[in-house]
Amino acid sequence: MPSPIALVAAPSSLGLSRPEGRIPRVDLLPEALMEAGLGRRLGARVEHTVLPGPYEPERDAELRVRNPRGIAAMSLQLADVVEQVVRAKRFPLVLGGDCSILLGCLLGLKRTGGRHGLAFMDGHTDFWPPEASLTGGVAGMDLWFASGRGPSLLSDLEGRGPLVRDEDVAVLGVRDLEHWGAKVSAEHVRDTAMAWLDLSTLRREGIAAGVARAVERFRSTGVRGFWMHLDVDVMDDAVMPAVDSRQPDGLRVDELGELVSRLVDSGLAVGMDVTIYDPSLDPERHAARALVDTLVGGLGALVPTRQAR
């Protein structure tokens, strides 16, 4: 029997800018996590790889984002894989890449029919229109596009937008109270119907209570299940410094592991993506091992015979 978890590599950096000419190496995330033991410990292997097209460095003059057509094209290819895995009643664990891969993951899920939610675990809200961004990177706008806002090329993929409704989203663990790099004011996620459980809320209420509130929201809206998005910059910067936009504080390894574990224990989690970890900023692989420990602890309930080490 195949493993319940199907690993999917989506090593794209199309959603990131290249400040001062530096090329982010988030494309190395799948390889680094596998070398750190992720596949062995989850009893899974990389079954599919979805590769991005060429990076276009110039910001699109009309849409005001970088690589919009390349991201749209990759989203369709990634959706094919996610749809296939979910229809086979398995759990896709998509290893990015940057946060723009969320669009393809949600598109694949939406193709399977029914209504689905999103547990959005990120250090940033990623809920800003193109005109509010100095960089034009879709990785900082993925929740904006996923919720049906912005240019239709990315917000209405295959005419299926929004990929997730506001009331079916729980924003978990964010800590950017102000928009980093914003040029103009914009709608704030806290003013929408999305559930807002930022880092301070989770700490004040406790992880268990916060997850219970998010899951109750999902059940009340009638979703069939929910996708989990994990941008690793939600983690404590002392543990996970290998990200493109660092901030102080963040969820500890045990807190994030509990958060993911309790979401999985709800029985409604149907898939997950992991993004933004850059192995080139983690030469000793300390952050990679911490991330693997977190994922194994959080997803262990999906593994029939769990590896202890």
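Mentor: A term to begin with: a crossing is left-handed if the near helix is turned anticlockwise from the far one by less than a right angle, and right-handed if clockwise. Helices (H or I, at least four residues) and strands (E, at least two) are DSSP runs, numbered from the N terminus. The model is predicted: local features need pLDDT of at least 70, side-chain atom pairs count only at pLDDT 80 or more, and totals for chains, interfaces and linings use all residues. Residues are numbered from 1 along each chain as its sequence is written, and side-chain values use heavy atoms, with hydrogens and water left out.

Trainee: Fine. In which hand does H8 pass H9?

Mentor: The crossing of H8 and H9 is right-handed. The axes of H8 (residues 207–221) and H9 (residues 253–265) come within 10 Å and cross at roughly 35°. Axes here are lines fitted to C-alpha atoms, for helices over the stretch in contact, with angles running from 0 to 180 degrees between N-to-C directions.

Trainee: Which residues meet there?

Mentor: From H8, Ile207, Ala208, Val211 and Val215; from H9, Glu255, Glu258, Leu259, Arg262 and Leu263. Contact means heavy atoms within 4.5 Å. By class, that contact has six nonpolar, no polar and three charged residues. Ala, Val, Leu, Ile, Met, Phe, Trp, Tyr, Cys and Pro count as nonpolar, Asp, Glu, Lys and Arg as charged, and the others, Gly among them, as polar.

Trainee: Switching to holes. How many cavities of 30 Å³ or more are there?

Mentor: One, from a search of the whole structure. On a 1 Å grid over the protein atoms alone, a cavity is a set of points where a 1.4 Å probe fits but cannot get out, and lining residues have an atom within 4 Å of a point. The largest cavity holds about 60 Å³ of space.

Trainee: What lines the largest cavity?

Mentor: Ser12, Leu14, Ile71, Met74, Ser75, Leu78, Ser100, Ile101 and Gly104. H3 and H4 (101–111) are the elements that give two or more residues to this lining, and H3 has the largest share, with four. The lining has five nonpolar, four polar and no charged residues.

Trainee: And H4 itself, how many of its residues are buried?

Mentor: 10 of 11, where buried means under 20% relative accessible area with a 1.4 Å probe, protein chains only. Among them are Leu102, Cys105 and Arg111. Just after H4, Gly113 takes a positive phi of about 95°.

Key:
On a 1 Å grid over the protein atoms alone, a cavity is a set of points where a 1.4 Å probe fits but cannot get out, and a pocket is an open set with protein on both sides within 12 Å along at least five of seven lines; lining residues have an atom within 4 Å of a point. Grid points are joined across faces, edges and corners, and a volume is the space filled by probe spheres set on the points. Buried means under 20% relative accessible area, exposed over 50%, partly exposed in between (1.4 Å probe, protein chains only).
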